[in-house]
Amino acid sequence: MPRLTASRVRTPFPLTYEQEWFHTKTLSSGWSHKNTQLAFEILGGLDTDALAAAVRAFVVRHDALHLQMDPVPGPHPLQWTRGIEAEEEVVRRVKVKAASPAQFSHYASVLLSRDCVTPWSYGTQRPFVIRLLRYDENHHALLATFQNLVFDGRAHHLFGHEVWRDYQTLRDGGSPPDTAPSFADAAVRQRERTSERLREQAQANWRERLAFMTRVSWPRTGPAEADTAEGGMVSAELPAATVTALRGLCAEFRFTVLQSAVGLFVTALATRTGMSEVGLWTSMDSRASRDMDVVGMFAGSCPLILRDAGADAFSVRTQVRDQLLNGLRHQRLDAEDLTALTREAEETGGAPVSRDIYVNLRRFEGNSAVADDIGGLRITADAYPLHRITFHDTFALHLRCTEFRDRLCVDLLYDGHRADRRLARSVLDDMLAGLAATVPAG
C-alpha cells in the first residue's frame, strides 16, 4: 500500500463561521458566484523571476490557499489543506501579442473578468488563479483571483503588502519568510473560543438587532418616475492633508476615520430622508488580534442599528463606534442560527428584515493607487476594470469607504428605484460638508 506524503494527508478542520455563512449563500438559488480579484499594472524594468518567486512564497506559506473540499460539498462540509508541490505551477506567465498598450489592457480586463466569475471546482482545483502577463520588457500585468471561501478584505491587503515586500527582499538578495500564521489553526481556535454562554449571548444580541431591522423602513424620497431610473454611483476623494488632519482629530476623541465617515453618512441620511432610526449592514472582520496576519475568510455580514440617527454628529459617531464593537463581540453564530433568528424576527415583526443600506469599510496601510519606490517600478492597483460584467446591488444605498495612508475614497452607489442620484448626491455633499466643519481650514 503506497505511503501518503505529508502534503496528501487529510486533516479536516471546520469552516469559520464566516465561511459557513458564505457557503450557505452559495447553496441558495439566485446567488451569483464572484471571486475576489486583484490586478496591478507594472511599468518599468520588472524582474519577472523575482515577482513570480514572491507570489509563490506567499501562496506556499499561507495555508488557506491550500484549501480543498469534497467535490460536491454538502451543507456542513469540512475542509483540509493540500500543500503546494515543489514543481507545481503557481504563477502562469503569458507573453501577450498586442498591437498597443490599450489593446493589452483590454485583454487583461477580459482575462480578469473571466477568472472573476469562474466557479471553483472544489475537489480538483486550487482556490486561486494568478497570471503574469507581459506586453514588453517594461510593461506587465499581475492578475490574481481567489475563491471567497479563502480570501477576504484583510487577505486582499496582506497579498498586496507581502508580495511587493518580498519582491524587494529577493531583489536585494534576501529570502522571504517561509512560514505564516495558520488559517487552519485560527479556524479551530475560533470554534473553540465559542462557549454555550457566548453563543446564547450572541443569539440574544442578534435577535434584538434583527427585530429592529424589521421595524425600520425605507422612505420613498423621489418622484414616481424614479422607479424606472437606472442606478449609478457618486464619488469623492479626500486628499492626504485632509485625511491626516481628520485622523488626528479622530484619535483625540477615540474614533477611527472610517467610524467618523459612517457617522457623517448616517447624519446626512437622516437629514435628507427624515429617518429617525437607521438600520444598516456592514462586513465585520472577526479575526482575533493574534490572527491579524492570517490569510483566510473571517469577514461576514452584520446589522448595525442606530436608534437616534437625528442626534448631533458626535452622538451619532459614538453610536456607530459602539455598534461596530457590539457587532464584533457577537459574530459567533452558525448559518442555521442566523437563518432561524431571521425567520423568527420576520414572523414576529410581520415584515422582512430591512436590507436597504450597506456600508463597506476597508483600510490599507499603504498609499492608494501608485507606488514608485519598489525597484524603480510604477505599480498601479485596480488597473483593469471588469469587462462586460455587471453585479446588481440589492441595496437602496451602498456606501464604500476605503482609507489609505494618503487619501480617503468614498463611493455611494444608488439603485435608482428606492434611492435616486439626487438623493445620493445630496447625502454625499452633506458628508463632505460635515467633514469640512470637522477639519479646521488650512
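1. Helices (H or I, at least four residues) and strands (E, at least two) are DSSP runs, numbered from the N terminus.

2. Before going on, please keep in mind that this is a predicted model: local features need pLDDT of at least 70, side-chain atom pairs count only at pLDDT 80 or more, and totals for chains, interfaces and linings use all residues. Residues are numbered from 1 along each chain as its sequence is written, and side-chain values use heavy atoms, leaving out hydrogens and water.

3. Back to the helix pair. From α1, Tyr-17, Glu-18, Gln-19 and Glu-20 meet Phe-183, Gln-190 and Arg-191 of α5, where contact means heavy atoms within 4.5 Å. Within this set, Arg-191 places its charged end over the ring of Tyr-17, 4.1 Å from the ring's centre. The criterion here is NZ of Lys or CZ of Arg within 6 Å of the ring centre and within 35 degrees of the ring normal. Another such case is Arg-355, which lies over the face of Trp-281 at 4.2 Å from the ring centre.

4. You will find 15 aromatic pairs in the structure. Rings of Phe, Tyr and Trp (its six-membered ring) pair if their centres lie within 6.5 Å; planes under 30 degrees apart count as stacked, over 60 as edge-to-face and the rest as tilted. One of them is the tilted pair of Trp-120 and Tyr-122, with 4.7 Å centre to centre and 40 degrees between the planes. Both Trp-120 and Tyr-122 are buried (under 20% relative accessible area; exposed is over 50%, partly exposed in between, with a 1.4 Å probe and protein chains only).

5. Phe-146 and Phe-159 make an edge-to-face pair, 5.6 Å centre to centre with 65 degrees between the planes. Phe-146 belongs to strand β6 (residues 139-146) and Phe-159 to helix α4 (residues 153-171), so the pair ties together parts 13 residues apart in sequence. Phe-146 and Phe-159 are both buried. Ring pairs also link these two with Phe-58, Phe-128 and Phe-151 into a cluster.

6. Lastly, have a look at Gly-174, in the loop between α4 and α5. Gly-174 is partly exposed, at 28% relative accessible area.
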